[in-house]
Amino acid sequence: MEKLMITAAMVGAEVTRRDHPGIPITPEEIAEAAYECYKAGASIIHLHVRKSDGTPTQDITVFKETMTLIKEKCDAIIQISTGGAVGMAFEERVGPVRLGPEMATLTAGSVNFGEDVFINSPQDIELFALTMKEYGVKPEIEVFDTGMISTAIKLAKKDIFVSPLHFDMVMGVPGGIEGTPKNLLQLVELLPGNATWTVAGIGKGELPLGVMAIILGGHVRVGFEDNIYYSKGILADSNAQLVERIARMSRELGREVATPEEARKILKINKETLYDR
Ligand code: KMH
Ligand code: ZN
C-alpha cells in the first residue's frame with residue numbers, strides 16, 4: 001500500500017475561539033500551526049484564513065502572507081480552500097487560486113450545511129475547475145454526497161478535470177452524507193480506478209473514518225476545521241496532536257506516513273511543470 005498522506009485542516013471558516021481557544025487565526029499563528037502539523041506528519045495543509053477579528057476571508061493578500069510564512073518553515077503542499085464560508089460569492093472564493101498554490105479544494109455540488117446552504121452551481125463548478133486548470137492547480141474534489149462523484153466524473157470526461165482525480169469524502173456535515181463505515185465504502189466504490197482519495201470525518205467520525213481510510217488505502221484529513229475534540233468532551237490540545245495520533249495509528253497498522261515530496265508523487269503533482277510559485 002502507498003504511504004499515508006495526512007492533511008491538516010487547522011482553521012476552517014466556522015470554528016471560533018469560543019469553540020476552541022487554540023484555533024489559529026493570524027497568518028503567524030496559522031503558519032506556526034502548519035509547521036507543527038508538518039512535523040507531526042502532515043504533508044498537505046488545507047488552508048483557510050481569517051481577518052484579524054476572526055471572521056473568515058478569501059482575501060488574497062492574507063492568503064499570500066500566510067502561504068509565504070508557511071513556505072518559510074516547511075515544504076508541505078499548500079491546498080487553499082475555495083469553499084471559503086457559506087454565502088461567499090464565486091469571484092471572492094476563486095481569488096486565491098490565482099496565487100498558484102499547488103492544490104485547491106473544489107466542491108462538486110450544493111449541499112445543506114446545518115441551517116445554511118453551501119451553493120456550488122454546475123456553472124461555478126466548471127469555472128472553478130477551468131481556473132485551476134489554467135493556473136496549474138491540482139483540485140481536491142470535495143464530496144459531501146454521492147452525486148458529487150458523478151458530477152466530477154462527467155467533468156473529467158469533458159476534459160475539464162485532469163485525471164487522475166483526487167477526492168475528499170467530507171462525511172458527517174448535517175445535511176450531507178452521514179459519516180458511517182458503510183457510506184464510506186459506498187463512496188469509495190463509486191470512484192474511478194485510478195483516483196486517490198482522503199476522508200474528512202466531521203466531529204466524532206473523524207477518528208473511526210480515518211482509521212478505515214488507513215486500512216482501505218485511502219488518506220486522512222484531520223484538524224479543528226472538522227473536529228476540535230481529542231475524545232468525547234475533551235478538547236484536543238492542538239491541531240498537531242490530532243495529526244500525530246493519526247500518524248501513530250497508521251504506523252501501528254503497518255502503513256508509513258508520506259513526506260510532502262512523497263505526497264506530490266502520489267498525487268502526480270509535478271512542481272516543475274507548474275507556474276512559478
Ligand atoms: N466552509 C465550508 C462552507 C472547502 O474548504 O473547500 C466549505 C469548506 C470546503 O470548508
Ligand atoms: Zn475547508
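Predicted model: local features only at pLDDT ≥ 70, side-chain atom pairs only at ≥ 80, totals over all residues.
Local features need pLDDT of at least 70, side-chain atom pairs count only at pLDDT 80 or more, and totals for chains, interfaces and linings use all residues. Residues are numbered from 1 along each chain as its sequence is written, chains are lettered from A and ligands numbered from 1 in the order in which they are written, and side-chain values use heavy atoms, with hydrogens and water left out.

Start with ligand 1. The residues around it, with a heavy atom within 4 Å, are Ala 13, Glu 14, His 46, His 48, Ser 81, Gly 83, Gly 84, Val 86, Thr 105, Phe 113, Phe 118 and Glu 225. This shell divides into four nonpolar, six polar and two charged residues. Here Ala, Val, Leu, Ile, Met, Phe, Trp, Tyr, Cys and Pro count as nonpolar, Asp, Glu, Lys and Arg as charged, and the others, Gly among them, as polar.

Next come polar contacts, which are pairs of N or O atoms within 3.5 Å. The side chain of Thr 105 places an N or O atom 2.6 Å from an oxygen atom of ligand 1. A polar side-chain atom of His 48 lies 3.1 Å from a ligand 1 oxygen. Gly 83 uses its backbone: a polar atom there is 3.2 Å from an oxygen atom of ligand 1. On its own, ligand 1 has 300 Å² of accessible area, and the protein covers 97% of it. Such areas come from the Shrake-Rupley method with a 1.4 Å probe.

Now the zinc ion, ligand 2. Its protein donors are His 46 (NE2), His 48 (NE2) and Glu 225 (OE), 2.0 to 2.1 Å away. Donors are N, O and S atoms within 2.8 Å of the metal (3.2 Å for Na, K and Ca); water is not among the atoms, so sites may look incomplete. Along the chain the donors are spaced H-x1-H-x176-E. His 46 lies in strand 2 (residues 44-47) and Glu 225 in the loop between strand 12 (219-222) and strand 13 (229-231), so the pair ties together parts 179 residues apart in sequence. Helices (H or I, at least four residues) and strands (E, at least two) are DSSP runs, numbered from the N terminus.

Last, the backbone. Ser 163 and Pro 164 are joined by a cis peptide bond, with omega about -5°. Pro 164 is in the loop between helix 5 (147-157) and strand 10 (166-171). Asp 159 is also in the loop between helix 5 and strand 10, and its phi is positive, near 70°.

How values were computed:
Polar contact = N/O pair within 3.5 Å; in protein donor to acceptor, adjacent residues only side chain to side chain.
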